[in-house]
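Please read the following briefing alongside the sequence and the structure, which are shown here before the discussion starts.

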Amino acid sequence: MNSKLIPIVVTLIGALCFGGSFFLTNSSSGDLDVEIDKTAFIMPAAHRVYANPDALNGKYYLFKAKITNNSNTTLEDVTVKYRIPDYIDWTELTVSGEMFPGQTLVIPCYPKFKDDITQKTTESIEKAEIEISWDDAEEDDIIEEEFTFKLTNRNEYVYTGVKKEEISTWSDVYDNDALIACFVTPNDPVVKYYTQNLQEKLMKGEAASVSRKPEDGVKFLAGIYEGTRKSHMVYSGTKGIPQSTDDVQSMVQQVRLPREVITGNTGLCIELSCLYASVLSAAGIDPIIYMVPGHAYPGFKMNGQYYAIEATGINGEGLGGIMSAEDAFKKGQKQLEEFIQRSQSGDPRYTLIDIHAVNQQGATAMDLKDNDFMRKKVDDIVASWSGGQTVNQPNNPRKPAINPPNPTIRTSTGLSFAIPNGWQTMMRPVQDMPILTAQVIAPDQMTTVSVFDVPVSNTQQALATINQYFYNYGMEMQYQSNGNGIAGQTYSQNGTFNWVGKTIRTKNGIRFVAVGAPDYLYNQNSGIINQVYNSIR
Amino acid sequence: MKTIATYITVISLVFSLVGHSQQTNQKIEMTIDEIGNAKINISMTMNAAQWQQWNGTYGANPSALKRDMERSMPAFIVDDFKLDKDDMNRSFNLSLNAYGVCKIDKRGRWIMDTDQKDAQLTELTEHKYMLVSSPPEFGGTIQQTYMIEFPKSAHKIKVDKDSFGKSIFEFEMDNPSSSFNLMRWSGLLLIIVGGSWFGKNAIKKV
């Protein structure tokens, strides 16, 4: 009996082991080790930076999960998702087809908050929930983790994300300096409206971004100062920029947005710097913010040279000593001289923020909606520039209307187009470039229509000739023909300018009309660009 | 997931503290294991002025170097830092482990991102690739030579592009723990032994 029973038992055990090996290998019981590296806070002003893995080298994430498969089984379709109740619904971060025993997954999370987060005016503690699951995972196997973080209000700016005990150098103190660009809001409709009024009502026209002449830039800088001085804007002397590496009090600061500085008629040095930078950027000039211990001041960069102004020279009637624009500029330039000497000698406390450069790295301005009340406040400020007289209500830039074509542009032989309201026309704006017949510039000073008349016989030659001229100015144009139209980019030291245009043969050669904007504004302004492009006939 | 470009940033971070007056070479070796992690070795020799500045900032404060590298590599978890300095020859060697450098996509392929468009990759052997890079932000003053070594079990290694046009490595690699299943082979052995035994006894009876 035993001679049969024992082999049968052995065979059965073998069959069980053999069969069981398949079931156990494919078992869903995973032993995952999860470590979460979380951020301590999120600044709503920088919501676009947090959402973009490529922004500032992906440095700003909500959390980073390290998931290690410590079991001896391979898990399939490992899925990681997260949510932030009341802000972001369940969102899948990754699906890994397989996860071998011992393998580690590292998943950074870049949360995409809705644009209305910039309306958040109070800080709160929020919870993030993470769920890790895989194919055939039982309910009990699914891993759930959660942590809390501080969601600041939209005005809060934290100078550094480095823990207090780890701060040792000035680069640690200014660790978040690129994020100050998020408080520079040239596309804010209220700032645009203010800029437009400055250009029109106070400066009676300016063309610094087109002429690229430093003296025009300085005039514009002085114009902004005059605007703040004439509206009796005051400097509020609350503590601002950190003064030393252990200056913990100043590491977190409430920064009023440029629109709030304009309408509130008061600002700190960093707030005034953001206001200047916003207006300069809205006018097409490269803004710079200079950071020094305990202070910040604005300026701009043009043709490789730097300029500065002491924006806080407005002081205030209570403080006395209100500087003239000339004195404020002189003081700014003197400070800049010291800045350059200090930074060249390697003093790390002297740093500058090139706003457009960090914009290109993904630190872009927050999204702000139009506000009629603030526009009315701007109207009051504009009235104060003209001695209290009510100024005419300018055209509403939100709804640009198409004007009848300007007869100086429309010709019977060449292409013409309809110029929107408020756009400025400049005939033969560059003397050294006779083929540039005219330029029409939008109130934002960025969106531009250029009209070229090139005495050649075909489009290719015309574009090649234009490119030749561009080379002399350190620019280069690349383009593709697209049926009737041409689309292209012009590269220069100021960045990339995207455009679309059309050509036609005229009696004197080829007329080329192109409309475009810098790449970072092109999508935003695509409505008006397409409107102008479609009107080219 | 950023890999090589991230290292460029990190190495640039290391280098950002030294002068840019003359071209400097850096060698970065990445050895990838069978579960997608990498052992990284960075070595560099500097001139006297560069060495003095680097030594004052990072050489004398390796914890700052570790912290800055960790913060500059958001797509990875890095640990096991070892910094060996050779003051006599003004050079250093930094080694570290990086987890999750390669991942398996939804279709089961191993992927390693370079995060570079049209990366200049040279195949040295079946499992070894070289990438030479000169980050433009330093005006071409740093030449970085990357040696990327895949595990022997990796096969069908090819360079492709992702949906953003960036160069990626794609390869296949078997589960390192699937080569031997003790339970399965034991079971098979017991079936054979038990069956043979039963058969032998049955024949004897006949």
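- Strand 18 of chain A is joined by five bridges to strand 19 (residues 448-454) of chain A, and the two run antiparallel, with V440(A) standing opposite V449(A) in strand 19 of chain A; two strands count as paired if DSSP finds at least two bridges between them.
- Strand 17 (residues 424-427) of chain A also pairs with strand 18 (residues 436-441) of chain A, in the antiparallel sense over four bridges, and here T425(A) stands opposite V440(A) in strand 18 of chain A.

**How the model is described**

- Residues are numbered from 1 along each chain as its sequence is written, while chains are lettered from A and ligands numbered from 1 in the order in which they are written.
- Because this is a predicted model, local features need pLDDT of at least 70 and side-chain atom pairs count only at pLDDT 80 or more, whereas totals for chains, interfaces and linings use all residues.

- Strand 13 (residues 286-292) of chain A is joined by seven bridges to strand 14 of chain A, and the two run antiparallel; the bridge partner of Y290(A) in strand 14 of chain A is Y297(A).
- The hairpin of strand 13 and strand 14 of chain A has two residues between the strands, and in it G294(A) takes a positive phi near 80°.
- Strand 14 of chain A is in turn joined by four bridges to strand 15 (residues 305-308) of chain A, again running antiparallel, and M302(A) stands opposite Q305(A) in strand 15 of chain A.
- Strand 14 and strand 15 of chain A form a hairpin with two residues between them, where N303(A) in the turn has a positive phi of about 50°.
- Strand 14 (residues 295-302) of chain A is largely enclosed by the rest of the structure, because seven of its eight residues are buried; a residue is buried if 20 or more other C-beta atoms, placed from the backbone, lie within 10 Å of its own, exposed if 12 or fewer do, and partly exposed in between.

**Cores and helix 6 of chain A**

- The largest nonpolar core has 133 residues, of which A181(A), C182(A), V279(A), I289(A), Y290(A) and I353(A) touch the most other members; such a core is a set of buried Ala, Val, Leu, Ile, Met, Phe, Trp, Tyr and Cys residues joined through C-beta atoms within 7 Å.
- Helix 8 (residues 269-282) of chain A gives the most to this core, with ten residues.
- Leaving aside its neighbours within four places in sequence, V279(A) is in contact (C-beta atoms, placed from the backbone, within 7 Å) with V191(A), Y194(A), T195(A), L198(A) and I224(A).
- A second, separate core of 29 residues includes V440(A), I441(A), V454(A) and L521(A).
- Among the buried residues of helix 6 of chain A are F220(A), L221(A) and I224(A), and this helix is followed by H232(A), whose phi is positive, near 60°.

**The sheet in chain B**

- Chain B has four helices and eleven strands, and buried residues make up 33% of its 206 residues.
- Seven strands of chain B form an open sheet with mixed pairing, in the order 3-4-2-1-9-8-7.
- Strand 3 (77-86) and strand 7 (121-123) of chain B stand at the edges with a single partner strand each, so one side of each is left without a neighbour in the sheet.
- Within chain B, strand 2 (residues 38-45) and strand 4 (residues 91-99) pair in the antiparallel sense over eight bridges, with I40(B) opposite L96(B) in strand 4 of chain B.

**Where the chains meet**

- In the interface, 39 residues of chain B are in contact with 38 residues of chain A.
- Helix 3 (62-72), strand 5 (103-104) and helix 4 (182-205) of chain B each supply at least two residues of the side of chain B that touches chain A, and the largest share, 14 residues, comes from helix 4 of chain B.

Key. Contact = placed C-beta atoms within 7 Å.
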